[in-house]
Each structure stands twice: as structure tokens, then as C-alpha cells.
Amino acid sequence: VEIAAAINEILEGETWLPEAMKDKVNQLSGDEVKVATQVASLTPQQYKVLSYLHEGLLNKQIAYELNISEATIKAHITAIFRKLGVYNRTQAVLIASKLQLESPVEA
């Protein structure tokens with residue numbers, strides 16, 4: 001039932017969030033909403049890379065975890081920096097910490 005309601009809202013051009021998330025979003029300041037929007041613009045793979053950065057992994061370790069090349073990780077990190085409007089890993093990790101991002105669930 002919840003999935004059908006979500007699909008209907010999205011098809012009507014509305015934004016849908018689970019009830020539990022609506023309360024959290026309403027508590028965010030304007031700056032936090034901007035940052036959350038920037039994080040939401042990340043692809044799933046970029047989000048995984050950001051999560052691993054937040055955990056303190058090195059590029060080589062992230063590449064191993066995701067089974068992709070280190071060059072691809074560097075490309076993802078560059079895209080993450082651009083989308084978040086930051087210039088280094090520390091700033092990206094601070095954004096992840098500020099929003100209390102959850103680690104992506106590995107399938």
C-alpha cells in the first residue's frame with residue numbers, strides 16, 4: 001500500500017518520503033536542506049564511495065571493496081567534490097558526518 005501511494009505521488013510530480021523521514025526533513029535548517037539536496041544528487045556508486053570516505057578508507061581500499069579500479073574511485077571522488085561544492089576529502093567527510101549518513105547496504 002505504501003509503495004503504491006509513493007508511486008502515485010511521484011507520478012503526479014510530487015515528492016515522496018517515508019513518514020519517518022518527513023519528521024527529520026522538517027527539522028533541518030535551510031543550510032542542511034541544501035547539503036541534503038547536494039548529497040541526494042550523488043549516484044548510488046558515488047554515495048557508496050562517500051560512505052567509505054566517511055569510514056576513513058583509502059582510495060585503494062575503496063577500490064577493493066567495490067571491485068573497481070583506483071582510477072574509477074578517483075573519478076567518483078572528483079564528481080563527489082563537484083556535486084557537494086567541496087575541495088577535499090575532509091570537507092566531504094564533514095558533510096557526511098553532519099547529515100549522519102547511513103552506510104549503504106551491500107547486496
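**Figure 1. The largest nonpolar core of the predicted model.** This core has 21 residues, and those touching the most other members are V39, V49, L50, I62, I73, L84 and I95. A nonpolar core is a set of buried Ala, Val, Leu, Ile, Met, Phe, Trp, Tyr and Cys residues joined through side-chain atoms within 4.5 Å; buried denotes under 20% relative accessible area, exposed over 50%, and partly exposed the range in between (1.4 Å probe, protein chains only). At least two core residues come from each of helix 3 (30–40), helix 4, helix 5 (59–66), helix 6 and helix 7 (89–98). Helix 6 contributes the most, with five residues. Helices (H or I, at least four residues) and strands (E, at least two) are DSSP runs, numbered from the N terminus. The protein has seven helices and zero strands, and 26% of its 107 residues count as buried.

The model is predicted: local features need pLDDT of at least 70, side-chain atom pairs count only at pLDDT 80 or more, and totals for chains, interfaces and linings use all residues. Residues are numbered from 1 along each chain as its sequence is written, and side-chain values use heavy atoms, with hydrogens and water left out.

**Figure 2. The crossing of helix 4 and helix 6.** The axes of helix 4 (residues 44–54) and helix 6 (residues 70–84) come within 9 Å and cross at roughly 90 degrees. Axes are lines fitted to C-alpha atoms, for helices over the stretch in contact, with angles from 0 to 180 degrees between N-to-C directions. The two helices, helix 4 and helix 6, are therefore roughly perpendicular, a term for angles of 65 to 115 degrees. Helix 4 contributes Q45, Q46, V49, L50 and L53 to the contact, and helix 6 contributes I73, H76, I77, A79, I80, K83 and L84; contact means heavy atoms within 4.5 Å.

**Figure 3. The two faces of helix 5.** N59, I62, A63 and L66 are the buried residues of helix 5. Seen down the helix 5 axis, these buried residues fall within an arc of 100 degrees, so they line one face of the helix; the arc is that of the directions from the helix axis to the C-beta atoms. Helix 4, helix 6 and helix 7 are among the elements covering them. The face turned away from the buried side carries the exposed residues K60 and Y64.

**Figure 4. The loop residue N67.** N67 lies in the loop between helix 5 and helix 6. The phi of N67 is positive, near 60 degrees, in a residue other than glycine. Most residues other than glycine have a negative phi. N67 is exposed, with a relative accessible area of 71%.

Technical notes: Angles under 35 degrees count as roughly parallel, over 145 as roughly antiparallel, 65 to 115 as roughly perpendicular and the rest as oblique.
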